[in-house]
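Here is a short briefing on how the parts of one model pack together. Look over the sequence and the structure first, then read the points below.

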Protein chains: 2
Amino acid sequence: MEWTSVDLADCPVIRALDVVGQRWTLVVLREVYNDVGRFEDLQRHLGISPSVLSRRLAEMVDAGLLEREEYREEGRRPRHAYRATAKAWDLYPVVVGLMQWGDRHLRDGDRPAVALVDRRTGRRVVAAVVTDDVPACDPAEIDAVVTAA
Amino acid sequence: MEWTSVDLADCPVIRALDVVGQRWTLVVLREVYNDVGRFEDLQRHLGISPSVLSRRLAEMVDAGLLEREEYREEGRRPRHAYRATAKAWDLYPVVVGLMQWGDRHLRDGDRPAVALVDRRTGRRVVAAVVTDDVPACDPAEIDAVVTAA
């Protein structure tokens, strides 16, 4: 079957972009991948208004990308933290791929970059297209390392 | 250095999304990856107006993602065809990642899917996060195969 005979109404790229194509969605994922999941930490690090962040997080919970949990620090009222779901972790290669592409092609030369390093082997990790028998890195074993410019 | 001390003004994911976050950009890339590069073929397959497509293609040429070339069929006026640059091929894992994510999480069960298969080994290919010593598949050796529902 020829590529051009595939009906684009079914196109999974278009469908995926309808869910994750908004700028903040993948940026929030990058935060929760890096264990930044508490509302106030997200708000501080992303520098957006609480109302915009609340709306975006609620949409991502509805889309099945985030799980919300409550936590309470002593003497304070309960607060929310967010965690990536399995569906969100399936986007990990996309986020890593965008990150490495932005670093390679758009970065100002005098700014530091973030490298992802596999803790077990010390090797850099990359998003790549590989055959399905290749073992993928475990995100829990990947460190984000800020490199010199 | 802690993740949260990284200044997000430098964030390569945000910079990348500013360039490729628009719905049509990655969709056009998917077409040219699949050797659909002639203006009239793109227009027919994507089903968008010639003026919208022209504008998008010009933006992608300006962004260094596409190269334009002229071709002429006998007895017809010269026309344009578009080819992915090396900078565009660096986004290949992102597009494949979105495609497999959309197929896995958003597809209606009764519609066909497109599988990517490595021609040399017959194995499916996937976008994955791997260490940088893993050999990536050559896109020229990957076939898009329409599978049954």
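How near do the axes of H2(B) and H3(B) come, and at what angle do they cross? They come within 11 Å and cross at roughly 120°. This is a predicted model.

**Helix packing inside chain B**

- The angle of roughly 120° between H2(B) and H3(B) makes H2(B) oblique to H3(B).
- The crossing of H2(B) and H3(B) is right-handed.
- H2(B) brings Val27(B), Val28(B) and Glu31(B) to the contact, and H3(B) brings Leu42(B), His45(B) and Leu46(B).
- By class, the residues of this contact of H2(B) with H3(B) are 4 nonpolar, 1 polar and 1 charged.

**Domains of chain A**

- Chain A is assigned domain 1 (3-89) and domain 2 (92-147).
- The C-alpha centres of domain 1 of chain A and domain 2 of chain A are 20 Å apart.
- Domain 1 of chain A puts 6 residues into the contact, and domain 2 of chain A puts in 5 residues.
- Helix H2 (residues 23-33) of chain A supplies 4 residues, the largest share of the side of domain 1 that touches domain 2.
- That side of domain 1 of chain A holds 4 nonpolar, 1 polar and 1 charged residues.

**Contact between the chains**

- In the contact, 62 residues of chain B meet 62 residues of chain A.
- Several elements of chain B each supply at least two residues of the side that touches chain A, among them helix H1 (12-20), helix H2 (23-33), helix H3 (39-46) and helix H6 (92-105).
- Strands of chain B also each supply at least two residues of that side: strand E3 (113-118), strand E4 (125-131) and strand E5 (142-147).
- H6(B) gives the most to this side of chain B, with 13 residues.
- The side of chain B that touches chain A divides into 36 nonpolar, 10 polar and 16 charged residues.

**Strand pairing across the chains**

- Strand E4 (residues 125-131) of chain A and E4(B) run antiparallel, joined by 7 bridges.
- Opposite Val129(A) stands Ala127(B), in E4(B).

**H6(A) against H6(B)**

- Helix H6 (residues 92-105) of chain A packs with H6(B) at an angle of about 165°, and their axes are 8 Å apart.
- That angle makes H6(A) roughly antiparallel to H6(B).
- H6(A) and H6(B) have a left-handed crossing.
- H6(A) makes the contact through Pro93(A), Val94(A), Gly97(A), Leu98(A) and Trp101(A).
- H6(B) makes the contact through Pro93(B), Val94(B), Gly97(B), Leu98(B) and Trp101(B).
- This contact of H6(A) with H6(B) has 8 nonpolar, 2 polar and no charged residues.

**H1(A) against H6(B)**

- The axes of helix H1 (residues 12-20) of chain A and H6(B) come within 7 Å, crossing at roughly 85°.
- H1(A) and H6(B) are therefore roughly perpendicular to each other.
- From H1(A), the contact takes Pro12(A), Val13(A), Arg15(A), Ala16(A) and Leu17(A).
- From H6(B), it takes Val95(B), Leu98(B), Met99(B), Trp101(B), Gly102(B) and Asp103(B).
- The contact of H1(A) with H6(B) comprises 8 nonpolar, 1 polar and 2 charged residues.

Note on methods
Residues numbered from 1 in each chain as written. Chains lettered and ligands numbered in written order. Predicted model: local features only at pLDDT ≥ 70, side-chain atom pairs only at ≥ 80, totals over all residues. Domains from an automatic or database assignment. Contact = placed C-beta atoms within 7 Å. Nonpolar A, V, L, I, M, F, W, Y, C, P; charged D, E, K, R; others polar. Pairing = 2+ DSSP bridges. Axes fitted to C-alpha atoms, helices over the stretch in contact; angles between N-to-C directions. Parallel < 35°, antiparallel > 145°, perpendicular 65-115°, else oblique. Left-handed = near helix turned anticlockwise from the far one by under 90°.
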